[in-house]
Every structure is written in C-alpha cells, then in structure tokens.
Amino acid sequence: MLKFYARFEISDETGDPMTDKDMTLQHYSRITSLQKAAFAKFPDLRLFALANVASVDTRESLQKHFGNLSDTALRAIATYLNLIPPEGQENDAPWHRLDKQFLKELLISRHERRISQLEELNSMPLYPTEDIIWDENVVPTEIYSGENCLALPKLNLQFLTLHDYLLRNFNLFRLESTYEIRQDIEDAVYRLAPWRAEDGSVYFGGWARMAHPIQSFAVVEVAKPNIGEKAPSRVRADVTVTLSVRREIKHEWENLRKHDVCFLVTVRPTQGIGTKYDYKKSMVDQAGIVYVRGCEVEGMLDASGRVIEEGPEPRPELDGDSRTFRLLLDPNQYRVDLDHASKGQEDVYETFNIVMRRKPKENNFKAVLETIRELMNTECVVPEWLHDIVLGYGDPGQAHYTRMPNEIPTLDFNDTFLDMEHLRNSFPGYEIKLKTDNPQKLVRPFKVTFENVLRKQQLGDNAMDEDEPRKVITVEPHVQPKRGPYLYNEPKKNNILFTPTQVEAIRSGMQPGLTLVVGPPGTGKTDVAVQIISNLYHNFPWQRTLVVTHSNQALNQLFEKVAELDVDERHLLRLGHGEEELQTDKDFSRYGRVNYVLAKRLELLEQVSRLQKTLEAGGDAGATCELAHHFHVYHVVPRWQAFTRAVKQSKSVETISKEFPFHEYFDDAPKPLFPGKTFDEDMEIAESCYRYINHIFEELEEFRAFELLRSGLDRSKYLLVKEAKIIAMTCTHAALKRSELVQMGFKYDNILMEESAQILEIETFIPLLLQNPQDGRSRLKRWIMIGDHHQLPPVVKNMAFQKYSNMEQSLFTRMVRLGVPYVELDAQGRARPTICNLYRWRYRALGDLGHVCRLPEYRAANAGLRYDFQLINVEDFNGAGETEPSPYFYQNLAEAEYVVAVFMYMRIIGWPAEKISILTTYNGQKHLIRDVIDKRCADNPVIGRPHKVTTVDKYQGQQNDIALISLVRTKAVGHVRDLRRLIVAASRARLGLYVFARANLFRNCFELQPTFNQLIERPLELELVPGERYPAQRSAAAVAPDALVQRMRDMPHMARFVYDLYMEQTARAQPQGEWSAPGTKQAAHAQEATHHVPAHPGGDSDDETFTPTEIVNEVDDPPT
C-alpha cells in the first residue's frame, strides 16, 4: 500500500491529478535523463545508454545493468541525478544511506516501468474467487476487535484525487460484497450437506432454496479477443439442474432474469454420509470447497435450445423438472484459469457440482463495480463549485448559495406561504417592504426579492467591505393567469404551515449550489423536499430535476406527495422496480407513462374534434397531432385574433360575450360563462378559455413524437430524455443503469437526495455523473441533500470494513464533519413532547410544533396504560434470558411473550391493530415474536396481528401511534450501544413508547444514559389501568389514581392477567379458540415444526409471509 501511494498518479510539485499519459511521459523523461547521464559520464553503462527505453525499463534489465556496478559508481550516478546530496553535504539529508543495496533500489524503483493502475483494474475479474473469499487478510471475519491494523483502504475526510476516491470505494465495495457472498456460499453449502459417497462421488444430504446440485455443465462458446486485448471477448456456458422442488421455488429458479449473478461451486467433501455439520467450524474444511467462480445469467433455454427472451409474451411451458440456463462467464477469469490449466493444473470448468443464486436485492454488486470501473476509465467531470468539497479540500462553505456568483435575488415562492402573516413569520429579523398597499391583493403566490443579494451583486468585490447590511425583502404578490373556466383548472395548493427553518431550507434548495438539510425525526423532511421540487418546477420550467432516495418506500412516499401538488402529471417519471408499490392508481413507470401519454393524446384529439365541430371547420383535425397543429394555426388562432381586434375597438362588456368564438365549445362550463359585471373580469375569463384551448395544442405538439416513434422502447427513451421534468429513482438503480442512461443522452440540472445519511458514499456520488459533460463542464446547478446523520448509517455487514475502513460513513455525514454549512430543521410534529425528550438532547435545538400539544389525540392519555412511555424490566424466564441458536441470531423468549401479551391486552381494550408496531433490535427476535403471534393470536378475530413486526433498522423512516420495543440482550448491550440505533428506536412512536429490556444492563451503559436516565425515573414494572377502554377519556396530564392501577410483576403475571381478561370478555360469547399459557409444554410443542433460520447467520429475510415455528426457549440442552 505504501509503494502504491508513493507512486500515485498525482504531481509531486503541484498536487494536480495526472492521467495515464502524463505518468508515461514522466517515466520516459526520467529514464532518458538517466541514459543521457550514463552516456556522458559513465562509459561502463554505454550499452544501457544506447538501448531503446522499452528494453531497459523493467526491474530485471535495470538489475542486470546496475547490479555489477561498484558502490562508488552507484553513488556517483545518484549524486549526478540529485537523488542524494553530494559529498560534504550529507548532513543536509540525514535520511539517506550509502550502502550498495539502498542505492541500487533507489535507482531501480525510480526508473522501472510502472504498471498502469487502469490496465490492472480493467483486466481484473469482478467476481471473487475462492482465493479472495476465504483470505482472512483481505476479507476479515465479522469479529473485529479494533485493536490491530489491517491492510485495507480507508474512507475518511479527504482524498488525493477523484481517481483515488473511486479506487478506494471500488476496493471496499468489492470486498464487502465478497464478504456477503462468502456468507451466502457457506450457508448454501451447509444446507445442501454434501457428503463423500463410498465410490468417491459427492452425495447431497440436504436441500437449499438458493442453491442446487448441477447435473451437467459445459462451455459452449469462447469468442475471439477484441483487438489489443488478451482475454476472450465472450465466454458462454450451459448449466443443467433438476428442479424437483416445491412449485414456488421452481418458479423462482425459472424466473432468473438476464444479468442476474450466480456462482458455480466445486465441493469435494471428505466426510462420510451422515456426518453432522457444525456451523461454528470452517465450512471450507468440512465441505471441501475447492473452487468458486461467478457468472451472469443470459436466460433459460427452451426445448429447442434457444434462450427464452424476456418480454410481454407469456413464457413457454416446459415439461419435466430439468432446466438448462445459458451463462456468461468472466472472460478475464477464464483466461487466467486456462493459463493455469495449460501449465498442468486442473481444469476448473470440469469440476463444478453446485450452482448458487442470491437474493436480487443483494445481488447488484457486479453492476455497481462495473459502473465505478467505467467512471475511472472516463474523465469524471464534477461541477467546479463541488469538486474540492467532494475531495475534502478548500473552504467547506464555498458551495453555499450565499457564496455562489449566480445567487438569484428574486424567487417566486409559489404556494409555499399560506398567507401574508405566514410570510412575515417565516423571515424573522427581516424588514419587509410591500409592492402593493391594497390588503386584498396580499394573497399567494408571492415573489420575494432579497435586497442584500441585489446590493451584493451591484458592489461586486467590495461587497464584503461594508458592515452587516440591513436585511430587507420586497414582497410582490402576483396573480397566476387562470387556466380555464372549469373548477378543475384551479391549481392544487400547498396547505402546510412551514416553519422559518423549513422556509430557509426551501430557499436554499431553490438557489444554485449545495444544500444540506439535517432533519431530526418528525420535522417534515419529505414535505420540505416536495416543496423544493415543486418550486424548482415552477421557477425553472426548462430545467429537469433528478430525485434519488435510498429505499423504494421513501421514494414512493415522496413521489405520491409530489403528484398531489400543482405538477403536470405528464412531467413525472419513476424508474426502477419499486413503482409497483406506489399507493396510487396511476402508473408512473416508463411504460406506464407511455400509455398515459398515448391515452392523453387520444383524449386531447377528441377535444380537438369537438372544437372543430363547434367551429364548423372542415377536415379531420382530430386524426393526428400534425393535423391538429394545422387546425390550430389556420382556424383557432385567426378567430382569436379577430375577437381581440373587435374587443379592442369597442371596449364594451357586451362585445366580449357577443364576439367570443368558442361559446359552443365551453357549453359545459359553469354558467354564466361571462357574468357581464366588468370588462376586465370578462376579458380575463375569455383569455383563460383561450389558454385552456392553447394548452391542448401545446400538449399535442409535445406528444407529436409519439406518432413517429413506433416501438415502446423508443417511446420510453424519448419520454426519459425529452418529456419528463421530474425523474425519480433509487441510488441502487442509478448505479446499475448509469451506462444505459449516459448512452441515451439523459440530462438533468438539479439533484435532490432524500435519506442521504443512509446511502453509501459511492452510491451518493454516482448520481452526480449520470450525464455526459457539456463542453467539458457539468450542467449540474443544484445538489440538495436531506438526511439525518444522528440516525442509522448505511448498512455494512462486515465490522472491519464498517469501523476500520469507515465504510459506514455516508457522503452526507462526511460533509457535515468537514464543516459544510447545513440547515437543521428545529420543530418536530410527530411525538408527544415527553417522548421527544428521550432523543431531543441529541439535536441542536429541537422544539415542538403547536399541534403536538393541541390535538385531542396528544392531549388524551393512552387507554389502559398509566404512562405514555415506560421501560419494563424483563427478568429471565425458566432460567434463560438471551439465547443464540445460531451465530448472531439472538432471541429472548421472555421479552417476546411479554411484548405479545401487551399487544393482546391493548387489542382486548379496543386499540386498533394498525396503530401498534412491534420492533426489535435483532432478526432472531423478530422471527420469534412473529412465531409467538402466530401461536397466540394471529387467527383470533378479536386480536389478529399488529401493523408491523420488524427490526428497528428496517423501520427507519416510518412511524406509528404505539411502538413496543424489545431490546433482547441480557449479557451484553450489543449493537444498541450505537446511539444512532437508539435514536431511531425512540423516535418511531407518536403517542406511546414501551421498551422491554434488562434494565440493569442498559441503565449502566454510558452512551445511552441521557435516554435511559429518563426511562428509569418511572417504575420498571408495567403499570396498567384495566378499567379504561380505547379511546381514553383521561387527559395525558391527569394522574391515574393508584386504586385503578395494576402493576405487572413479570411476564407470567402479565400473561395470566391477559388470559383472565380475555376469558372474562368472552365468557358470554362463543370461545374464540383454545388458549395455551406462555412457556407451557402445550404452548411450546403445539405443532411440530423446525426453527426458522435466516438466509445466513445474522441475515434478514424480511418476508411478511413466514411459516409458524416451534416456540421454545432456545438454550442448549444440559449435559446428561
């Protein structure tokens, strides 16, 4: 690593990055200067001096020429080249040595040919092999103590060049993916249980959902190398498997998509049939994993051996269970393997006996690595105002809008402000001037001019010399022209009363430059983002905005809110596979938008036909967009011009109604069309009618291209490149599809990123480069990042990469650490103030919005519960606390039963199930709680299931009225010690937060004390008010009398109490099902099933459809 950075592509004198060409020229100048010196001064090296450069610049040839020289000659050459000080001046450079070995190495390492990093990178196989996957020095195990140094690149605050930045990210992303692949392979092999049969063949004793034994494997095509390359241009292979498995699993295999990555594995087990596998020991040794090679699926073959193409046509039904897949192997890796085979080693491609697939969500590593590699091969153009900040140099505030040379003095805030009073309150400390004295005209929308920005632009360089200028803004209300006579022509308006800091964030987002918005829980980050998007759309209608988020769920939430504002539907586009989950009946995907445009076109042409009939103009104007255009030019416009001339001459109200040419067309508009009160009012109505008609023809003109483009693909590309103004995608989709988007000529001017603190550094950077530069410059004008670095960071599973390499640091967090100015939203509207106090201390100045004290739901107590938040201490049950049935798969039966009992109690007293979420900090506990719910109450119509049972990490960005949280651990604090996870857990509840944990363990954890000190002020036994029904009549401020309160000593007490309450409720009715008390043998073994194990230890299969399993307190049986 030292050698690598000592010779990095950066100028030693200026610090500027150097290209491969610059490095080659530098190398030639050094070696030719050495040859000149040798020719002039050292006759012994005459042969070296006269040789051509390519024959002498390798380490071997330099060793040959310099190896036989004496110490004196070597010292003379080094002195002549100014590599060491001359005799008599040795004290000036005390670092140097004069022994032969040092001098020889100094000359050779300075002049040897350097291998181009890019060439090395381009010839590198992207799929990991067995050599890397199980190399502890390269991919350390999960247990990293943090004590020793590792040979890994780090992501900190600064980088040498963009190349260095991309290279570090490339290496770390590749190694993190390798670690996840290792877990998946080990899990799949463990489940398949390969054993050595008596005849030496491999016998598989188990089965795995994600892996299958191979029936046959053959390489079917090796294409010639491209010019100048050594590896084949393409290597294809066919793999056949017998899918005699359940229908849904067979369906998953058959649905492998093009570009899905699979792995081919060779195992040679040494253990005989029936040997038990131990998951705690090395799987490589137990199963004899010999080779691992990656490949990409091209498609499944049909009965005649052709690849089944993906498309709208139904896939052909294939007989039997045998399926053959066409695979694309890595050409670089294939070349390396064949070189080894030609030297007498085994041919890897004859040995494979397992094929493994991975979950699609986790399987995009190859596409991301290809994207990063592609970026390193092209000239990355980051906007000038952003370049230094991304690398971590210069003034961190240089990209803030107040420092940008093109700051905009006058902004149209559109519908941001509800009224004039709201505007005044939004700019505290500003003197406000009005452009109108008429109070009736002071209605939105408002244009705001910032006088100090105007003054700054007039003074130019002298702007900094004047004292703090008075903050003056000039407000000008402006009337938006009416869009037509119909009620639905009224624009949709914002109805959120933004706070001053939210308005500052919106203002910053509308200005050019970099905007960071830190949004604590419940402070309306999404509303701010939506308003910025809407304001950009109206202020700069020719610009295009790219919206990027971490998760599909956040993107859908944002997109639904944008669609509700005054944004024309035809300008919205959603890319990726998450659009299926949009909670709207409209389809915003590429093909959905194409269908919308085609349907809208027919609808508008019908309107044109109707207009033609009413005007009694001949022809068939409603047939195509082109004919409609001619009709507009030759029939509609002349009639309107004649009307305006007539009105100008007479200036009378009657003339408007009499001469108006489109009366019959607007026959269905609210009557009367012209009230006839004033000339101006009627003229405005006439103009709005013409605007309505004009808008029809404008839209048809935009849709004209769809008549020329015939295929759905061409139409969708046109939509993406030309038509859409607001394009939304996840950061993963951006990384996967970058090359495709660039090839299409995709362009955008603004980027808005939500959940920025949850996105990996490299996945935040890639969306900046989804377009080709214009004249060597980036056209990006604004970058708005919204997130919260006090909540959970990006997910990095390997502890060494997460902590040592700092891979969990998002670009958003790095910019905050660098001191880039940010706006921190300071008023939350989600939780009761008392619950907010649990995490309020973590933020600068987090206040509450008025409605969290005013609305009835916040003023009322939580029915049936004495407190609005409480820590409930849970002791061991049957002598057991936390258990670990497989590595990192923590469970705690006592907490699981307690949480479910509280949920059942709340349901019995009337709480709706959708208002309760159960959260936990471990996947093992999540599965156990789901099992307990299945056993206790899922099928009971009185109780049912809660809204969600999931992990705290998965629930970030969501909320519910009540959160019941299980912290699981009883021996060590575990990963809740990360304060960010506690902040997320504490901020999910609006009205009630109930934490189930071992109080003594967590109260003593130093990091968590600000929150736990508040929790332990209240009793650690759950206090109920059993007489209450939902919704509660008691006020939140009122203290429940002790006589009405019942304390729960422990989990069995709570379970018995809920059982009695339930039986009392159903005494008169038909019993709803047999009850089994928690922890009893009948409860634990009510049905035979196997324990749920995730895809890999510590992994998460967040399937909402899960199979109920045996509920036992999972501890090892005591030795007999």
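In the charge count used here, Lys and Arg are taken as positive and Asp and Glu as negative, while His and the chain ends are left out. On that basis, the protein in this predicted model carries 136 positive and 158 negative charges, whose mean positions lie 2 Å apart.

Turning to the overall fold, the secondary structure of the protein amounts to 41 helices and 29 strands. Because the radius of gyration is 35 Å, close to the 32 Å that the globule rule gives for 1120 residues, the protein is as compact as a globular protein of that length. The C-alpha trace spans about 110 × 85 × 75 Å along its principal axes. Of the 1120 residues, 54% count as buried, and the protein exposes about 52000 Å², of which carbon and sulfur atoms supply 50%. When contacts between residues at least 6 apart in sequence are considered, 76% of them join residues at least 24 apart.

Arginine 357 is located in strand β9, which covers residues 354-357, and it counts as buried because its relative accessibility is 7%, where the cut-off for buried is under 20%. Its side chain is joined to the side chain of glutamate 252 by a polar contact of 2.6 Å, and the side chain of arginine 357 also reaches the backbone oxygen of arginine 209 at 3.0 Å. Apart from neighbours within four places in sequence, the residues in contact with arginine 357 include Met210, Ile249, Trp253, Leu256 and Cys262, together with Arg209 and Glu252.

Glutamate 407, by comparison, sits in the loop between α15 (384-391) and β10 (410-412), and at 4% relative accessibility this glutamate also counts as buried. The side chain of glutamate 407 makes a polar contact of 3.1 Å with the side chain of lysine 456. Once its neighbours within four places in sequence are set aside, glutamate 407 is in contact with Tyr401 and Thr402, with Val453, Lys456 and Gln457, and with Arg507, Gln511 and Pro512.

The backbone also deserves attention at several loop positions. Most peptide bonds are trans, and most residues other than glycine have a negative phi. Against that background, arginine 444 and proline 445 are joined by a cis peptide bond with omega of about 5°, and proline 445 belongs to the loop between β11 (431-434) and β12 (446-450). Another cis peptide bond runs from lysine 671 to proline 672, with omega near -15°; proline 672 lies in the loop between α23 (653-659) and α24 (679-702).

Positive phi values, near 60°, are found at asparagine 82 and at asparagine 806. Asparagine 82 is placed in the loop between α6 (71-80) and α7 (100-111), and it is exposed, with a relative accessible area of 68%. Asparagine 806 is placed in the loop between α30 (799-804) and α31 (811-818).

A last stop is valine 633 in helix α22, which comprises residues 625-650. With a relative accessible area of 37%, valine 633 is partly exposed, because that value falls between the 20% limit for buried and the 50% limit for exposed. Valine 633 and phenylalanine 697 are separated by 64 residues in sequence, and their C-alpha atoms are 9.9 Å apart in space.

Technical notes
Residues numbered from 1 in each chain as written. Predicted model: local features only at pLDDT ≥ 70, side-chain atom pairs only at ≥ 80, totals over all residues. Heavy atoms only, no water. Helix = DSSP H or I, 4+ residues; strand = E, 2+ residues; numbered from the N terminus. Buried < 20%, exposed > 50% of the residue type's maximum accessible area, 1.4 Å probe, protein only. Polar contact = N/O pair within 3.5 Å; in protein donor to acceptor, adjacent residues only side chain to side chain. Contact = heavy atoms within 4.5 Å. Rg over C-alpha atoms; globule rule 2.2 N^0.38 Å. Areas by Shrake-Rupley, 256 points an atom, 1.4 Å probe, with all protein chains shown as cover. Charge placed at Lys NZ, Arg CZ, Asp CG, Glu CD.
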